[in-house]
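Welcome, and thanks for taking a look at this one with us. Please open the sequence and the 3D view side by side before reading on.

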Amino acid sequence: MSYAYLFKYIIIGDTGVGKSCLLLQFTDKRFQPVHDLTIGVEFGARMITIDNKPIKLQIWDTAGQESFRSITRSYYRGAAGALLVYDITRRETFNHLASWLEDARQHANANMTIMLIGNKCDLAHRRAVSTEEGEQFAKEHGLIFMEASAKTAQNVEEAFIKTAGTIYKKIQDGVFDVSNESYGIKVGYGGIPGPSGGRDGPSAAGGSCCS
Amino acid sequence: MKMDLMSGYKGVVGLVFGNENSSNEDRYVERLLDRINNGKLPDDRRNAITELQAVVSENKAFQLAFGAMGLPIMLGVLKEERHDVEMVRGALETLVSALTPINHAKVSGNEVQPDLMNTDLLSREEESIPLLLSLLEEDDFYVRYYTLQILTALLTNSRQRLQETILTIPRGITRLMDMLMDREVIRNEALLLLTHLTREAEEIQKIIVFEGAYDKIFSIIREEGNSDGGVVVQDCLELLNNLIRSNASNQVLLRETIGLDPLILILKLRASSYSFTQQKTINLLSALETIKLLLKGGSDADPGKDANKQKNKTALVQKKVLDILLILGVESQWVPVAVRCAALKCIGDLIVGDSKNLDLLASKVLGEEPQVEPALNSILRIILRSSSMQEFIAADYVFKNFCEKNADGQAMLASTLIPQPYSVNHSFHEEDVNMSFGSMLLHGLTLGENNGDLETCSRAASVLSHILKDNLPCKERVLRIEIEAPMQSLGAPEPLMHRMVKYLALASSMKSKDGKSNNTSGNSYVQAVILKLLVTWLADCHNAVHCFLDARPHLTYLLELVSNSSETVCIRGFAAVVLGECVIYNNSPDSGKDAFAIVDLISQKIGLSLYFLKFEEMHKSFVFANAESSLTHRSFSRSSAASMADIQDVDENDLSEKKNADHPILASILDSYFVSFVKRLEANIREQIVEVYSRPKTKVAVVPSEIEQKSGESDGEYIKRLKAFVENQHSEIQDLVLRNGTLAEDLAKTGSSFQSEQRVSGGVDRVQTETLRRDFQEASKRLETLKEEKAKIESEANMYQNLAGKMEADLLSLSDAYNSLEQSNLQLENEVKALRGGGLSTLPDVEAIKAEAREEAMKESEVELNDLLVCLGQEQSKVDKLSARLLELGEDVDQLLEGIGDEAGPAEGFEDEDDDE
């Protein structure tokens, strides 16, 4: 139960792109071909390790449907990371990315780390958005990018962990005031104490991470 | 000064004239509002608002008047005059007063409640909620404080509307959550507000948890001293319960992030805490409610409900919750009974259907060496000895759940049921921890012998029925138990079952002795519980039926019980079920008590239709109808924490609600499992009885060959044989005629009794009509709201349509404008093109100018020519005059003019020519 840090994530993107399946694959390591529409917001959690530190991820999986937007927006501000998901076999889900991004920029805190995920990359024969386009979009908007498949689990683990790594690095770089929980980051018992407590262990580890 | 006069005036006038002077209040409020709205002097406006607040807070009529006129003005102040803290405070305080109920001694049903009306009005003001939420960011303490109070009032009365609105406001909930970090007074207000806000609103619950509610709740609880804390702890737990009630997602989050340690900590009693304040009792009850909610899992609609529930259970057990519950529910007798009951109920929920937890409970021992005993024994002792009916029910619930689908557990308990010699049985000490479970139970079962303590006996019977339920080996085993008669001389030992029937009879006889005036229900539950034991016991068990029928009076008594009109429908129904079991589970070879004989008895003594009618009556009875409805959630109201009323309520509530003759305890004894069990039995019984009755055993076998005269048989013998045959047949026909007669009678009786029955069951019907009517009302109310919603949506659609129309029109005009712009642009472009094309098009102009110029020049020269001609003419006439004069003077004119002609030849020539012409 003890963790060094707790990060809050949200998963956003059009309906049917596989947000819930990504979460299920990450938390339960299983794939559910038929998934009910998410109503409102669902929750999942998992422990990961970064730089030998236990990090707890709390992930809120939001409903993609327009009618839930006002509810899901409430989750933006308190999140440290966001997975923005589109479906590589459905062009329109890629086309909507800009509006999702705008929503996120408007409601989230400015330091939120956003990971762009092109899901369903196992369906290569039905691909409608090329990897290069995804990369291009991510580059233009300063996002991290990965193609993944909730079905085969390809890159799922990596996506969540890479996002966490980026947040972790931001903490090391002092981007966040970690005592303020509204950034979606919480320092745990095993973590680096507040600014006052500069004990040897954590700071040394921090140094080694950045190098 | 003026205010005092006014309110004094109102006080008197209001008392005397009531509402007739309402226009006075209207005018007064209107004047104040006018001053606030249009006043020029800031001080005057502030005074007006203070005055307004004062009158609104005291008097309903002013509240009403203010609500009708003042809301927009107050909102205006809040919106436009943020800089003026005093005005904003005043406006907020006035709003608080307008929304707070003014306590008059009595509120008659039809009277308008201005506070409710005002909340409704304010919540309908579109801008009010965002405005109020924005005020929470103000620095002034009172502004935030009053704002929270207003929001709470709005939530109390128009919850759904508020919940929907707040969800649509960006960061609305976040702002409310921030209030939990504010100073204490604000924090406590915010707790109340959030508790209202989270009621039955899953999405809001999730957002609040996302915002870190668990951390905050538990840190407040810790700060306040856990269960020893004040009402704030109660508020925190209430909020916590709202967050996890039927919300699997939030339960997972609690489990996964905060963990259950802080919750367990609340339930841990400090070693020295023997005294319980009322607040502590309520705090503990609230925390037990949390446990209960976790054990109940998410909503029924959730497909992963069971998995989540199981995880909750596992997590709780890991935290040793069972030990803590046993301390609260069983070991600590100084703990208030309400807490003990709640803890026992939680134990029941924890073990049901979970083999590990069942074993865990079975293995628990309580007390300290050497005084240790199994926890189950302690719980049985509570059942047998508690003076609280509720505590019995709660402890009984533990056994019910312990025995549910737990054949091993049942066998374990049954194995200890070993009868002791009478002397031993009645000499031991009840506190003896060395007493086995079985001895204790048997002792309870037979306690009725000495002092007529049938209540203890029936409680033990209830436990026994759990042990026997669906478990044939246990039924058989307990059948073999024989109880010694109180005094050896009074006869041989009798089976335990017979003893139970005896107590059943004893209970009904005691009741009839008591008379109808009081205590009629006192023993009816005793009867019901014993009958339930018999119903459970006889089911599927031929030997039990056999044992029951062994004593002839049993059947007679049962038949009597079924038709005894002084018993409740429930008792009669149960008795009918037992009777039916004697038919369907009867494999007796003895013709005196086989199924046929019993069916015949039923038909003769009761009549089949009437017999079946008992079942129907039973189903219609209050207890049965209620057994299937689930219990609704009831929370402890905050105000009642001060009085003990609510805790008493836990005990008394059920007792007072019942209007039926049946004992309240029946509702808890007759769980839905038993009810559906009885229903299944009943269908079976009907079928079987009709089957048995329609095929009576024939005494005379008719074999065609036997009617023929046998060879070697003399005529006399043949005749004799035939006569005997005919006699037999005659007697059988007599039998059948008799049976037919009974049936006809039965039919006639039923026909007439149906009518009277109808009248009797009028009460039941009325109850049903009542529920139907309520259902109908509810449905029509729902319809109404749906209609409203539809209208709203329609109007919205209209609005959007209009908007769309307008947009279209706008677009049209825009496109027109564009077109014209384009046209002019085209023109300009052409011109530019033309210009670029050079003189080509300017040439005609130049030509025209040239022509013009030439024309002008010509015109000019013509004029000049004319002038010249005139001059010439004048000169000519001068010349003529001079020539004539010269001629007169004799001069040779021609000679004179010759010289001139040389000088200006052409002109002369020209002139000459002219002249010549």
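Predicted model: local features only at pLDDT ≥ 70, side-chain atom pairs only at ≥ 80, totals over all residues.

Residues are numbered from 1 along each chain as its sequence is written, chains are lettered from A and ligands numbered from 1 in the order in which they are written, and side-chain values use heavy atoms, with hydrogens and water left out.

## Where chain B meets chain A

Let's begin with the contact, meaning heavy atoms within 4.5 Å. Chain A brings 21 residues to it and chain B brings 19 residues. Between them, about 1,800 Å² is buried, with carbon and sulfur atoms giving 54% of that area. Buried area here is the accessible area (1.4 Å probe) that two parts lose on being put together, summed over both. Of the area that chain B buries against chain A, 34% is supplied by Glu203(B), Phe210(B) and Glu256(B), more than any other three residues.

Seven residue pairs between the chains are in polar contact, both residues being at pLDDT 80 or more. Such a contact is a pair of N or O atoms within 3.5 Å; within protein, one must be able to donate a hydrogen and the other to accept it, and residues adjacent in sequence count only if both atoms are side-chain atoms. On the side of chain B that touches chain A, the elements giving two or more residues are helices H10 (159-168), H11 (172-178), H13 (202-210) and H16 (248-258) of chain B. H16(B) gives the largest share, six residues. Helices (H or I, at least four residues) and strands (E, at least two) are DSSP runs, numbered from the N terminus.

The rule for salt bridges (a side-chain nitrogen of Lys or Arg within 4 Å of a carboxyl oxygen of Asp or Glu) finds two across this interface. Lys186(A) pairs with Asp215(B) in a salt bridge, with the closest N and O atoms 2.5 Å apart.

## An enclosed helix and an exposed glycine

For burial, under 20% relative accessible area is buried, over 50% is exposed, and in between is partly exposed (1.4 Å probe, protein chains only). Helix H20 (residues 321-331) of chain B has eight of its 11 residues buried, so it is largely enclosed by the rest of the structure. Among the buried residues are Val321(B), Ile324(B), Leu328(B) and Gly329(B).

Gly712(B) sits in the loop between helix H42 (704-707) and helix H43 (715-760) of chain B. With 85% relative accessibility, Gly712(B) counts as exposed.

## Salt bridges within the chains

Over all chains, the count comes to 46 salt bridges.

| Pair | N to O distance |
|---|---|
| Asp87(A) and Arg90(A) | 3.5 Å |
| Asp173(A) and Lys169(A) | 3.1 Å |
| Arg686(B) and Glu616(B) | 3.1 Å |

Arg686(B) lies in helix H41 (residues 672-694) and Glu616(B) in helix H37 (residues 608-620) of chain B, so this pair ties together parts that are 70 residues apart in sequence. Arg686(B) is partly exposed at 25% relative accessibility, and Glu616(B) is partly exposed at 35%. A network of salt bridges that share partners joins Glu66(A), Arg69(A), Arg73(A) and Asp103(A).

Asp87(A) is buried, at 1% relative accessible area, whereas Arg90(A) is partly exposed at 26%.
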